[in-house]
Amino acid sequence: MISEKTITDFIYREAELLDTMQWQGWLDLFHPEGRYWMPLEWQQQDPVLQPSLMYEDLLLLKVRVERLAGERTFSQKPKSRCHHLLQAPQIVACDATAGVFKARTSYIYTETRGDALERYSGWVSHDLVQVGDDLKIKLKRVDLVNFDAPFGNIQLFM
Amino acid sequence: MAKYRRNAHAVAALVREAEVHRDVYVDPEIFELEMEHLFPNSWIYVGHASQLSKPGDFITANIGRQPVLASRHSDGSIHVFYNRCPHKGVKIASEPCGNTGKFFRCPYHAWSFKTDGSLLAIPLKKGYEGTGFGDTQANEGLSKVRNVVVYRDFIFARLNDSGLSFKDYFGESLSTIDNMVDRSPDGKLAVMATPIRYMHTCNWKMLVENQTDTCHPMVAHESSAGTAVKVWKREQGEATEAPMAVQLYAPFMSPYEFYEQSGIRIWPNGHGHTGVNNSIHSNYAGIPGYLDQMVAAYGEKRALEILGEVRHNTVYFPNIMVKGAVQILRNFIPIAVDRTLVESWVYRLVGAPDKLYERALMYNRFINAPTSIVGHDDLEMYERAQEGLTTNGNQWVNLQRLYEAGEQPDATAVINGTSERQMRNQFHAWVKFMTMDMDQHVEAAE
Ligand code: FES
Ligand SMILES: [Fe+2]
């Protein structure tokens, strides 16, 4: 039985997998049809016909993860690390009969590489589905508070 | 001590036939001189007329480092101004775009200006009577950039009063913009959204040179495009048709021979493009319905001619790159000697299927975003170059690939696609537009 705590635990677990660079474990959290979306507009509705920073399916996320470990991935020499600081997720929907599980979580994200450290903040919205006993990510939407600012490289995942 | 100021000789000596001195990338004085000479002497992209569709619409931009403001006047004309109030210098507009209504109103003391820049009203006007205000520059309103050309909706401006005319400056290179616009069945492009912005900690010229650097994709992008191809083959097998995403990534891994035969075309004044015979954009899947629309609009012969021209990257010297086949313009905006803001715009082909716009947006976020793995590869190289160039063992950058003794400057030619001649072409133009008004400045200073 999926409870609100199951959703919250899932979100904390996801952040832990990213912070500990367990990339395969993180990919396993996605539904085969899952998407990772970073909009480029305020309250953006359309990921495809409006510009986005990222809108990627599992294939593209696998490419990213595999690239991070690549022998000739020079932008990962030295490697990046990340840190997620999450506010308690706000449960938006937890309806087992309808199969709808949604949460919105305020975050501060830190990405560091070499001597450089960058900090970002925003909200992440999880749209989850139940598969067997587990939850899987249907859509992870990352809204940066300053989506319209010019950033340098963002190489890991918020 | 100024090493290069008022010294056209010293500036010209930084560029040899096939080498350039590292100071062009790392010396803050050279950067200052680029802002004072090179950018004001050149025709610089300001924006697109579709961003100014109604009277009162405005956009803000930078020419070099100078903030400007472009507006659509009530009579339909487009004007470009320096973005400062004639009173005390406050910027008139601070947003990237908007509509100001019938007039601009300065937020500090409420001087107001018509959308053609002329002074409309000053509060307590009586206080200026008998002061000689009528003879001041302030009385003329917003200072105008006088040399403005709107070419097929692309707004360009040259800050300096004298210099090459728009036609002489761009010449035949405008054919890439023509091709991009002609790809719309309605012959019209539209800016629908904000650009993707990406901050680069490197000199702006490294980005411009990289646009025609065809010997780097298969090396530097092995990590991104190469991995994309590898994962795709493993996960889906080669039998199925590659999805749009893989179609966009895969051509980056094309071998040297591909780029060699696809060719580079150079034009005078530092313009040039890769992908003369074919390009990495040639083999994308057809978009249902599009060809029919084009044939209906242009006739079959002309439609095929337009779509058969699949240029890769066209550099418009000094600091934009246009991709006609994917409807993208990248603007390399200089911030400091080691800092460049890249704004990558996508144009919608008016009247064409949504799928084409979807593909252009996808390409833009795959290649030109701070979250783009291809972008990560490139920026890493620029940053390493910016640091590496501070070393003193060798102070020259080598641009010798396929150099031939006695190369004509300002030539129009089609050459081997792995040549570094377009980079040499850019540096020839760089010296020209850096030094063309240096002597006048010398006279003025003496
Ligand atoms: S500064 Fe603009 S009105 Fe005074
Ligand atoms: Fe590149």
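Q: What are helices and strands here, and from where are they numbered?
A: Helices (H or I, at least four residues) and strands (E, at least two) are DSSP runs, and the numbering starts from the N terminus. The model itself is predicted.

Q: OK, cavities. How many are there of 30 Å³ or more?
A: Six cavities reach that size. The largest cavity holds about 260 Å³ of space.

Q: Which residues are closest to the centre of that largest one?
A: B:N210, B:Q211, B:F252, B:N313 and B:D378 are the closest, out of 27 residues in the lining.

Q: And which elements supply at least two residues each to the lining?
A: In chain B, these are β13 (196-200), α6 (204-210), β17 (320-323), α13 (354-367) and α14. The biggest share comes from α14(B), which gives four residues.

Q: What is the lining like by class?
A: Twelve residues of the lining are polar, eleven are nonpolar and four are charged.

Q: Back to α14 of chain B. At what angle does it pack with α3 of chain A?
A: The angle is about 30 degrees, and the axes of α3(A) (residues 58-68) and α14(B) (residues 373-388) lie 11 Å apart. Angles under 35 degrees count as roughly parallel, so α3(A) is roughly parallel to α14(B).

Q: Which residues make the contact?
A: From α3(A) they are A:V63, A:R64 and A:R67; from α14(B) they are B:I373, B:H376 and B:D377.

Q: Now sheets. In what order do the strands of the open sheet with β2 of chain B come?
A: The order is β2-β11-β10 in chain B, three strands with antiparallel pairing.

Q: How many bridges link β2 and β11 of chain B?
A: There are four bridges between β2(B) and β11(B) (residues 154-158), in the antiparallel sense. Within this pairing, B:I44 stands opposite B:A157.

Q: Over to chain A. How many bridges pair β5 with β6?
A: β5(A) (residues 100-113) and β6(A) (residues 116-131) are paired by 13 bridges and run antiparallel. A:S106 faces A:W123 of β6(A) as its opposite residue. The two strands form a hairpin with two residues between them, and A:G114 in the turn has a positive phi of about 55 degrees.

Q: What about β6 and β7 there, how many bridges?
A: Ten bridges join β6(A) to β7(A) (residues 134-144), again antiparallel. A:V131 has A:D134 in β7(A) as its bridge partner. This hairpin also has two residues between its strands, with A:G132 in the turn at a positive phi of about 65 degrees.

Q: Which residue other than glycine has a phi near 55 degrees?
A: A:M21 has that positive phi. A:M21 sits in the loop between α1 (4-19) and α2 (23-27) of chain A. Most residues other than glycine have a negative phi, and most peptide bonds are trans.

Q: Which residues does a cis peptide bond join in chain A?
A: A cis bond joins A:K77 and A:P78, with omega about 0 degrees. A:P78 is in the loop between α3 and β3 (80-86) of chain A.

Q: And in chain B, where is B:P318 found?
A: B:P318 is in the loop between β16 (314-316) and β17 of chain B. The peptide bond from B:F317 to B:P318 is cis, with omega near 5 degrees.

Methods: Residues are numbered from 1 along each chain as its sequence is written. Chains are lettered from A and ligands numbered from 1 in the order in which they are written. This is a predicted model: local features need pLDDT of at least 70, side-chain atom pairs count only at pLDDT 80 or more; totals for chains, interfaces and linings use all residues. Side-chain values use heavy atoms; hydrogens and water are left out. Two strands pair if DSSP finds at least two bridges between them. Axes are lines fitted to C-alpha atoms, for helices over the stretch in contact, and angles run from 0 to 180 degrees between N-to-C directions. Angles under 35 degrees count as roughly parallel, over 145 as roughly antiparallel, 65 to 115 as roughly perpendicular and the rest as oblique. Contact means heavy atoms within 4.5 Å. On a 1 Å grid over the protein atoms alone, a cavity is a set of points where a 1.4 Å probe fits but cannot get out, and a pocket is an open set with protein on both sides within 12 Å along at least five of seven lines; lining residues have an atom within 4 Å of a point. Grid points are joined across faces, edges and corners, and a volume is the space filled by probe spheres set on the points. Ala, Val, Leu, Ile, Met, Phe, Trp, Tyr, Cys and Pro count as nonpolar, Asp, Glu, Lys and Arg as charged, and the others, Gly among them, as polar.
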